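Let's take a friendly walk through this structure, with an eye on its rings and strands. Have the sequence and the 3D view open as you read.

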Amino acid sequence: MMHRRSPLLFALLFASLALNAQQSSRPKGAAKASAQAAQGSAPTITLAVDASEAPRKIFHARMTIPAKSGPFTVYYPQWLPGEHGPTGPVVDTAGLRFTAAGKTLPWRRDTLDMFTYHVEIPQGANTVEVAMDYMSPTEMPGGFSSGTSATAQMAVLSWNWMVLYPKGWGSDQVQVRASLRMPAGWKFGTALPVANRGGDVVDFAPASLTTLVDSPVIMGAHLSTVPLSQGQNPPHEMDIAADSEAALQMTKEQNQGFNNLVSEAGALFGARHYRDYHFLLSLSDHVAHFGLEHHESNDSRLPERFMVDETQRVLGASLLPHEYVHSWNGKYRRPADLATPEYQTPMQSELLWVYEGLTEYLGYVLTARSGLWTPEQFRDQMAIVAEEFTHRPGRQWRSLEDTATAAQSLYGAGGPWTSWRRSVDFYDEGALIWLEADVIIRQQTGNKKSMDDFAHLFHGGQNSGPMVRTYTFDDVVSTLNQVAPYDWRKFLTDRIINIAPNAPLGGIEGGGWRVVYTDTPSDLTKAHETSGKALDASASIGLLLKEDGKVSDAIHDMISAKAGIGPGMSVVAVNGRKFSPDVMRDALKASKNSREPLQLLIENAEYFKAVSLDYHDGLRYPHLVRDSSKPDFIGDIIKPKVTTPPEPEPKPSE
């Protein structure tokens, strides 16, 4: 999100064009709101947000909403785009007060819908004033935009925290004039067009409620604006806020990688559907870490040392590419059942294996093509994903589609029992499936076509401002067949809709590589273990352990689980010696040349039990190795299309 703005008239013109495009592309569910709105002119809400106390984790809002005398109903946004569930943080609001004609009005919450408020507007009043506070959570990690979002030095503001809108109107129809007061001296970034700035107060150009909610604001005492692809249209930039000035130091190699990302995405999709684009990047250890897509920006949050620590950099490298891909896949093209007319209609998420799974795949590909990952790091990531879903016994009873359908509950599920319950597997298992689709297209066409051609057909077209084009399962199948005739319906049905007991590794194997296991972890696996303070023994004895020995998960059908070990227990000793990650690694490595079982002492809520594991396969970590009998399609997939990979910068010692 850039401070450098187009002229206001130009911005308003594009806002109007985008609004018209959105209205013409909305699904039939919008007809109800449109019919109700036909009774009068669309309302314009005035919203003033005071974030001057953001370091104290509290935000204040004042609204003026057009109203008529009599019963009046307003909504607090419940179902938020990109969060795939009823995640509106209404529980963190306080101080709600309605006034009209100088009088405080009694209100009541709907007894069945906690996000709906009813108030009686007195005779003669044509507006209602609303005051409301939002308290940002103070404990990590929190969930998505309702998670921890403010520190002493920075904050990310999501407008849906502090806005109410009247019943009977779609979010495209409601207009909002918003303003923001920041802490003294703070800078900001956002995709929302700016009308005026005076001191610490920013006035934004009128925008639809859709655009407002889709345009978070990042702000902070330490904020850097980094233009990308300068001289090209539409403009792009990174707005990076951190808890320290030192965390903002971007290397030339990183800068080139982010510039490459913009260029490679343009080459992949062939068109852009935004007026300008802002990568909003939070660098802090005290905000919830996640990425959330928006049409013209993304809200991405990583550890404070992401830019300056190689372990954090490689682990977080694919987040911004993933969220950027969502501008095309998820925002511009959207499953019909996720494109609701406002924020109260429940979303149906069974196509998240396209929305998130394809985005995960293309995000990984762009991370490699742009040079933010090396080819080896891409392959290491796919090896880790392949191992994870090879050891996922929950796939024996639950389809991948069901993990998408149940996303709103699975996002809140804990880590224990993930292997048996399954989680939001449509992300990374979806990536394996789309890799396989890419390889099949290349096999069927002699490597003349690929998923790039699908992206051009499905997500490309003409350059435009923000708009929504919906799709169904049949549209996905039809477009794949336009690229390369094949029984795509059966392919997708077998892997996604039906129970698929085996991990979909056809893309890796058909792409010219094999998954193998050695006793040496890849650098990426080491980074995961170091950052997570964990030991991954899932491919050996089926345990995921914290560095203190606590069991994060025990894979349901592997040797440790069968011996009675489960999540929440702790490994206290290994072969008679006090547990440590190194002691466990040494014991696993030695098991390969020993006939003696592995002896573990397990603590389970103050009770102790000795467990004997007849295990002799040593340490096992996944890698991809080249299969020279097949073409290297994976190498072709991640090859840059229009850019040159960044040259590694010499280390000071060199």
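## Charges over rings

A charge sits over a ring if NZ of Lys or CZ of Arg is within 6 Å of the ring centre and within 35 degrees of the ring normal. In this predicted model, Arg 620 lies over the face of Tyr 517, at 4.2 Å from the ring centre. Arg 333 is placed over the face of Phe 458, with 4.1 Å to the centre of that ring.

## Confidence

The protein has a mean pLDDT of 93, and 93% of its residues reach 70 or more. Residues 1-38 have a pLDDT below 50, and this stretch has 79 contacts in the model beyond near neighbours in sequence.

## Aromatic pairs

Searching the whole structure turns up 30 aromatic pairs. One of them joins Tyr 165 and Tyr 343: the ring centres are 6.0 Å apart and the planes stand at 85°, so this pair is edge-to-face. Tyr 165 belongs to strand β10 (residues 165-166) and Tyr 343 to the loop between β22 (333-335) and α7 (352-355), so the pair ties together parts that are 178 residues apart in sequence. Both Tyr 165 and Tyr 343 are buried.

Elsewhere, ring pairs link Phe 269, Tyr 274, Tyr 277, Phe 279, Tyr 324 and Trp 328 into a cluster.

## The sheet that holds β10

Strand β10 also takes part in an open sheet of four strands, ordered β6-β7-β3-β10, with antiparallel pairing. At the edges are β6 (107-109) and β10, each pairing on one side only.

The partner of β10 is β3 (residues 70-75), and the two pair in the antiparallel sense over two bridges. Here Val 74 stands opposite Pro 166 of β10.

Key. Residues numbered from 1 in each chain as written. Predicted model: local features only at pLDDT ≥ 70, side-chain atom pairs only at ≥ 80, totals over all residues. Heavy atoms only, no water. pLDDT = per-residue confidence, 0-100. Contact = heavy atoms within 4.5 Å. Phe/Tyr/Trp six-rings, centres within 6.5 Å; stacked < 30°, edge-to-face > 60°. Buried < 20%, exposed > 50% of the residue type's maximum accessible area, 1.4 Å probe, protein only. Pairing = 2+ DSSP bridges.
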